[in-house]
Amino acid sequence: MSAEATTVAWAPAAALSASDSGKGASGAGSVEEVGVPRKRSLAEALARIILLRTAGSVVMLLVISVLIFLLTYLSPGNIITNLTGLHPPTPAVAAALRREYGLNQPLVVQYLHWLDRFVHGNWGRSMRDQTSVSQLFAGRVGVTLALVGLGFAMAVLASVPLGVIAARRAGGMLDRTISAVSVVGLSAPAFATGLLLLYVFAYLVSAFPPAGAGQGLFDDLDHLALPAATLAIGVGAYIVRLTRTAMRRELGSDYVVFARARGVSERRLTFVALRNAAIPVLTMAGLVLSYLVGATILVESTFSLPGLGLLLQESVEFKDFAVVQFLALFIAAVIAAIMLLVDLSYLVLSPEWRQRLRR
Amino acid sequence: MPSLFRSRPAVWRVALVASVATATLLGASAQTSAAVSNRAASGGQIATLTVAAPGSRANLYPGNESGTVNYWIDALVQEGLVHPTANGTYQPALATSWSEPNATTYVFQIRKNARFSDGTPLTAADVVASIDYAASAKYSAQTASYLADLASATQSGPYQVTVKLKAPQVSFLSELSSSAALWVSSKSFLQAHGSDLGTPTSLVLGTGPYKVTKFVPDEGVWLTRDSTWWGGVPKVKNIVVTFYNDESAEYLAAKSGAVDLALWIMPTQEPSWNSLSGFHVINALQASYVGLIFDPNVKPFNELAVRKAVAEAFPRQTFVNRVLRGGDSQVATAITAPVSLRAAYSQAGATAKLASIPQNTFSLSAAKKELASSSYPHGFTTTLDWPNNGPQLGLAAAVLASNLKQIGITLKVSEVPIETWLGNMFSNKYGLNFMWDQVMTGDQSELAGFLLGAGNPSDFSNAQVNSLLNTEYAQTNPQKRAQEIIELNKLATGTDLVDAPLWWEPIGMAFKDGISISSYDFATFYSPWAAGISASS
């Protein structure tokens, strides 16, 4: 790492924050007075970036809504057939259903009606479940959030330490073992991992229930343990690999060598290196979290969990417009929010980023 | 007529058959015509029966989601006016008796001792409201078409309902059963819940032996018995149904002891379930029909020689013997299963009658000759999709593709979601499709009417076929009707060849040892089946 990075790394975080705030608060007026572009305060800069990113996200969601609407319409299958089942409807029944669901209107009109209702808080009604999208969503979002949250926590809590250990023991038996296991985790598809965990922990050991979401906090955790572990194994492998790489780079940096020469303990060195390695790891963690939101389909299917992933899959197959639209937008919005939070977290971790933001 | 999807939407309706194998396995009587009250289990009590159901469910009301498993679950809660039996007759359900003053009128006497699970008594007004609800496309999209011939339903006495039809339809009684299109609920409940029926917040209400206490779409259904049921008190107190999208996960759950009864074991799964310690599979024979359907309006299947070439390229007998090793599948000689003709013939008699229909025997050399005589002597490329909930259809598609390749036809096979399969079938764009359907009502023309009648998936129209269909719809003599249906089969599978029957397969259920059911045939699970389940010694 460069000397600049070394300086940043060794500067006490609290002191850096105080210094930055002071400059921003006192310097703004004087810079403006002499006609030089003023530096924004941190709060202004943050507000600006959040505003811009939010506006960008709204535009992105609008574009996604058009694409999803068109793709759902163009995808194979026939909504009337899906509504009426295997046996063909009479012409009167088919006509009644087209009227009921507005399918007799031009596509553009259908989309605009949906958009109008959506922006007014009416997310529509599921043709498959025969319930409002808001009810459907409320009934399922908890399972998926718990599953993703638990899976993410498992992945991070297990993978970051393993990545650090592998980096510190680079080339050794432990490093090779961790690397080999992570390759297996990377390669194994979620449904196969899920079935393996079911075989071992639900059948051989009988430690966890094989299906369902449970009732109550502890029962929920019991039911979510295996599916969350299935998610964690897949994505944790990425975090292990990236943490190892980032930590190795930091541990080989000049500032670590200097510090070591000064007698700084290995434990403290590891902590400091980990903080400097955190930005790429955090970026990966953000991507992993985004991926998890969409990766629940197979896991929910294997473990009979009534979550959003399974709902999305079934709604796509049924061409259930309102549900597909809402879930696609929800997932896109969540991913946008995660990415924004990851970016904002850089500011907490890195004084350099704080400086850049204010320019 | 209803239809089925094993996973989510599905293969539908089923066939019947009093099964000797079932009776043998269960040590029980095969008297399938026994009244519901006589079906009561004679064994011990069961506190909770854990049931594994394939696929997932979004809505409990079969009028909204008419998958076969939905019918089976709802049959525990709601009842129709009649129940089908395996011998082609109907037994009383919420109607204690009925009469037909003329060809377009039914008069039903409504049961006086039936109560809904909320404690209110059943009235004729409830029945009328339920019929109207079932006939509404808005409330019952998946089954409203079955009641297309309904003119009116009115209360004609304190416990009497009169149903009038627009035109004679001899099979209409079957539509008023819970195996087809009628699930009686209370009028006030239907009015209160409107189109929300069957959702987690608007659970179904009926007069059956169980009431739903909780429903989580895609996860499961929780039921508890209603001791006031007019048919008696079931031996099973609680039932927990869990939906499994993954058949391996379902199997592992059974291995781990979390399953007492697994619904709908496919023929390809049967060997592994039978080898599972502590489980045995029982079958309702010929409950499901599998065949190829051709659209004669789509090239190259507009040529009879091409259709014959494809039909003759599938080795039905060896496929059934060597691939579907479940043991109870049979080569289909017609689209109508023998069990559907039980109102007219014995099982053996019906089998013999249907076997007399000219067959497209497997012969690749004959298939090659047929192709050579067509406009496509050097072959062509086409597609065949199979629904993802029927792995045995995938195997059949692979076998057919392999054989067709030898005569110059390239068949691209794909696994698709069942909705896509259905959509393609009725799109009139595909010349070759699979048909997978179940007998649910036992009516003689259940499958023939669907595959050849108005809106049929082959988009096929033939004056002789239409005339025969019109005649048999109004035919009250079972033997004459059966003969007309056999003639329809000859036209569909021979002269016009729009349907190539492949096999009839059983509907299997895997029971944990120690749990028995008093009888099992195609109709059992369309009536309050759990009332026949008990702990065996």
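## Pairing of strand β10 in chain B

Two strands pair if DSSP finds at least two bridges between them; strands (E, at least two residues) and helices (H or I, at least four) are DSSP runs, numbered from the N terminus. This is a predicted model, in which local features need pLDDT of at least 70 and side-chain atom pairs count only at pLDDT 80 or more, while totals for chains, interfaces and linings use all residues. Residues are numbered from 1 along each chain as its sequence is written, chains are lettered from A and ligands numbered from 1 in the order in which they are written, and side-chain values use heavy atoms, with hydrogens and water left out.

Strand β9 (residues 220–225) of chain B pairs with β10(B) in the antiparallel sense over five bridges, with V221(B) bridged to V241(B). Strand β1 (residues 46–54) of chain B pairs with β10(B) in the parallel sense over eight bridges, and I46(B) has V236(B) as its bridge partner. β10(B) spans residues 236–244, and seven of its nine residues are buried (under 20% relative accessible area; exposed is over 50%, partly exposed in between; 1.4 Å probe, protein chains only).

## Residue I485 in chain B

I485(B) lies in helix α16 (residues 478–495) of chain B. I485(B) counts as buried because its relative accessibility is 0%. Not counting residues up to four places away in sequence, I485(B) touches T336(B), L341(B), Q444(B), S445(B), A448(B) and E472(B) (contact means heavy atoms within 4.5 Å).
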